[in-house]
There are 2 protein chains.
Amino acid sequence: MKGFLVRPAQALLMIWLVSLSMLSQAASDPLPSWKEGPSKKAIIEFVTQVTKPGAATFVPEPERIATFDNDGTLWAEQPVYFQGLFAVERVRALADKNPDWRKAEPYKSAIEGDMKGVMASGMEGLEKLLVASHANVEAEVFAQAVSDWLATARHPTTGKHYTQMVYQPMLELLDYLRANGFKTFIVSGGGIDFIRVFAEQSYGIPPEQVVGTTLGARFDMKDGVPTIVKEPKLVLMDDKVGKPVGIYQYIGRRPIMAVGNSDGDMQMLQYTTIARSEADKTPRLGVIVHHTDAEREWAYDRTSHIGKLDKAMDESKQRGWLLVDMKKEWSQVFPE
Amino acid sequence: MKGFLVRPAQALLMIWLVSLSMLSQAASDPLPSWKEGPSKKAIIEFVTQVTKPGAATFVPEPERIATFDNDGTLWAEQPVYFQGLFAVERVRALADKNPDWRKAEPYKSAIEGDMKGVMASGMEGLEKLLVASHANVEAEVFAQAVSDWLATARHPTTGKHYTQMVYQPMLELLDYLRANGFKTFIVSGGGIDFIRVFAEQSYGIPPEQVVGTTLGARFDMKDGVPTIVKEPKLVLMDDKVGKPVGIYQYIGRRPIMAVGNSDGDMQMLQYTTIARSEADKTPRLGVIVHHTDAEREWAYDRTSHIGKLDKAMDESKQRGWLLVDMKKEWSQVFPE
């Protein structure tokens, strides 16, 4: 009887141990949506290096700063920056209060939902739409408008909510870095106030760790209530050479890791990865998401009107930046 | 024999228990340099309220933002802002490279160490000195200059290093808040790049949590090295109405606690403590350090040329802001 009891107990124990080992294997993969490949390997090696106590490559926690571009890096950006779609929607919503808009471009096209007309107005037209939709408004009112839009609007081709179009592998990467003592920041050409509305919930990145293109603001006492009003004045264009400036101004120290996807991120990657002196042996990692997946997402690079990746792709070889092949290296693109 | 052994054991146990209770009492006072009084009581009540799970007054950790002015709040500011003394020193150090300065005010007075001459040049002269000492310089070179100065310079009357003139009660308050899930920020009229050099070591506040008056900057590739160069252009004047703007721009959410010492902090305290609607019952705390201690520090308020506290003192009653009487409420001013 005793022997009979021991055998099933041993069998159960073995099954339990095997399950535990499988579980632990799954739990020990911090990046399950990243296929085994050069990018995953290099990222894990980098994190291992900087977190190894006593190693020459060790970086103290406060200096483990990682910066992420947003459009095309943390969420999708095709067929047009999502913030641009919000701007058009908001101009339409504000049309009744601004009767002049119906007579002048680019407002007219925006109100009529004519995206071709909007695009035809060029950068100048887009700037006018941005000011019309993002300035001369109380900060809280603007944030509420973004929040309402995100809750209802859907992407023109996927039909998803925009916050469902964040990249699952990037959510895992952000978590993995934070679990290893990194502080994660967004450094985006997009509007700082737009991104702050959803960054905490979508990415676990609080408002104070979002850097982006910034409009001026003023303080007003309005009926006894302290109020911030957004002004139609550009304070920081957080793109290209503006990204290192934004990092310097908002964060105040150089990142050791930067992740982007376009030429707009090149200077941020340079600033992050090129040591100031040969004596500086701090490990530094540059990562570029290469959009190669026309089926699950979009495929574009050198000639794209959005997220053009040309010079930075050439420079990636010289600098040793990772070029993440989305199609080959990501087993999943969006969260389920 | 048994009874004999038990009695000393009981006695030892009692001594041990009493010691433990004394230790625990000491350990349980998070603000030992704050005397029992209205300010200490109100601060502890506030922190208890916002950290009590399930209470109507509970505030989730990410929203526990506390902002501190620097000059006169975290460290001393008499007889003149320490950063001003640095600016004068730096102009003197750069004089040989700028021969024109010897012929023109306010540079001439600064080089000659004539502080009266410097002050006579007024705000316009001070701004010129700030630009001369803080701009047209690489970010790292500037930070090193501040660091070198802090390591050697001594206060004209106390003979202390400037970083020894931080307030012990404030160091305790910062620690106490952080231990209770607060994120602590500096929001200062002083230069952001100046404060960032010592804030982490002196206050435990990392560079990315320092907001201050900000000059422009540009990105340059210099001999293949990415370089930030500070420019002679004011981007944010982080004083008075500029403080809520700085908070909005850099932090992106309203603090629930703000600490200052002068009229320059009034709008920050308004922005922090006045609810936007009657429905908002979030506890909010405004604190003003009142310099009342001519013996251990300085005594000044309504008519001071530095750190003038006049309107904000009047408003403190109406708003329920704490007015901390340094002389009466602080058992220690500077660290030993």
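This is a predicted model: local features need pLDDT of at least 70, side-chain atom pairs count only at pLDDT 80 or more; totals for chains, interfaces and linings use all residues.
**View 1. Tilted pair of A:F86 and A:F194.** Over all chains, the count of aromatic pairs comes to 31. In one of these, A:F86 and A:F194 lie 5.5 Å apart, centre to centre, with 45° between the planes, a tilted arrangement. The pair links distant parts of the chain, as its residues are 108 apart: A:F86 belongs to helix α3 (residues 82-93) of chain A and A:F194 to helix α9 (residues 192-203) of chain A. A:F86 has a relative accessible area of 2% and is therefore buried. A:F194 likewise counts as buried, at 2% relative accessibility.

View 2. B:F194 is buried because its relative accessible area is 2%, under the 20% limit. B:F198, at 3% relative accessibility, also counts as buried.

**View 3. Aromatic cluster in chain A.** Ring pairs join A:W75, A:F82, A:F86, A:F142, A:W149, A:Y162, A:F194, A:F198 and A:Y203 into a cluster. A:F86 and A:F194, the tilted pair of View 1, are among the members of this cluster.

**View 4. Arginine over tyrosine in chains A and B.** In chain A, the charged end of A:R254 sits over the ring of A:Y271, at 5.5 Å from the ring centre. In chain B, the ring of B:Y271 has the charged end of B:R254 over it, 5.5 Å from its centre.

Methods: Residues are numbered from 1 along each chain as its sequence is written. Chains are lettered from A and ligands numbered from 1 in the order in which they are written. Side-chain values use heavy atoms; hydrogens and water are left out. Rings of Phe, Tyr and Trp (its six-membered ring) pair if their centres lie within 6.5 Å; planes under 30 degrees apart count as stacked, over 60 as edge-to-face and the rest as tilted. Helices (H or I, at least four residues) and strands (E, at least two) are DSSP runs, numbered from the N terminus. Buried means under 20% relative accessible area, exposed over 50%, partly exposed in between (1.4 Å probe, protein chains only). A charge sits over a ring if NZ of Lys or CZ of Arg is within 6 Å of the ring centre and within 35 degrees of the ring normal.
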